[in-house]
Amino acid sequence: MTENATTQDAEPEVTAELTPELTPELTPEQEDVLEALRDVVDPELGINVVDLGLVYGVDVDAERVATIDMTLTSAACPLTDVIEDQARDALDGIVTDFRINWVWMPPWGPENITEDGREQLRALGFNI
């Protein structure tokens, strides 16, 4: 896998919305990327980035390069390198390369957490 690039854009160009009421049909490639990203765990909360609702969109082009629109629970989070390294490992063999487009709008909130994510947080003692 080649070196990935990251950007910090104000607003994502979302091609696969992950908000349940807006979710279009995902391609098999997008589904594979999302499934692989379930192995990427937020280092502070211990829950994967998909179930935390941090992944806003995924696009996979014809060359199997994935662009992932992702946010963090806080714009001041110092752990982007850790998440990028985990993503690199998780996506190895799934796509030829990837790019994380770090986005901050809309801001992340607990309402983005999936039901699976909520169950995992409750199991860790969080009241959500």
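## Overall architecture

Helices here are DSSP runs of H or I with at least four residues, and strands are runs of E with at least two, numbered from the N terminus. By that count the protein has three helices and four strands. The model is predicted. Along the sequence the elements follow the order β-α-β-β-α-β-α.

The protein has 128 residues, of which 38% count as buried. Its accessible surface comes to about 7000 Å². Carbon and sulfur atoms account for 49% of that surface. Among contacts with a separation of 6 or more, 69% are between residues 24 or more positions apart.

Strand β2 covers residues 55-60, and strand β3 covers residues 65-70. The two strands pair in the antiparallel sense, with five bridges between them. Val 55 in this pairing stands opposite Met 70 of β3. Four residues separate β2 from β3 in the hairpin. Arg 64 belongs to the turn and has a positive phi of about 65°.

Strand β2 is largely enclosed by the rest of the structure, because five of its six residues are buried. In a regular strand, side chains alternate between the two faces of the sheet.

Is Asp 51 buried or exposed? With a relative accessible area of 5%, Asp 51 is buried, since the cut-off for that class is under 20%.

Which residues does Asp 51 contact, leaving aside its neighbours within four places in sequence? One of them is Arg 38.

## A network of salt bridges

A search of the whole structure finds four salt bridges. Side chains of opposite charge can pair when their charged atoms come close. Glu 35, Arg 38 and Asp 51 are linked in a network of such bridges.

The side chain of Arg 38 meets that of Glu 35 at 3.6 Å, N to O. Arg 38 also forms a salt bridge with Asp 51, at 2.7 Å, N to O. Arg 38 and Asp 51 both lie in the loop between α1 and β2, so this pair ties together parts that are 13 residues apart in sequence.

Helix α2 spans residues 80-91 and contains both Asp 85 and Arg 88. These residues are three positions apart, about one turn of the helix. Their side chains form a salt bridge in which the closest N and O atoms are 2.9 Å apart.

How accessible are the two partners, Arg 88 and Asp 85? Arg 88 has a relative accessibility of 23% and counts as partly exposed. Asp 85 is also partly exposed, at 42% relative accessibility.

Notes:
Residues numbered from 1 in each chain as written. Predicted model: local features only at pLDDT ≥ 70, side-chain atom pairs only at ≥ 80, totals over all residues. Heavy atoms only, no water. Buried < 20%, exposed > 50% of the residue type's maximum accessible area, 1.4 Å probe, protein only. Pairing = 2+ DSSP bridges. Contact = heavy atoms within 4.5 Å. Areas by Shrake-Rupley, 256 points an atom, 1.4 Å probe, with all protein chains shown as cover.
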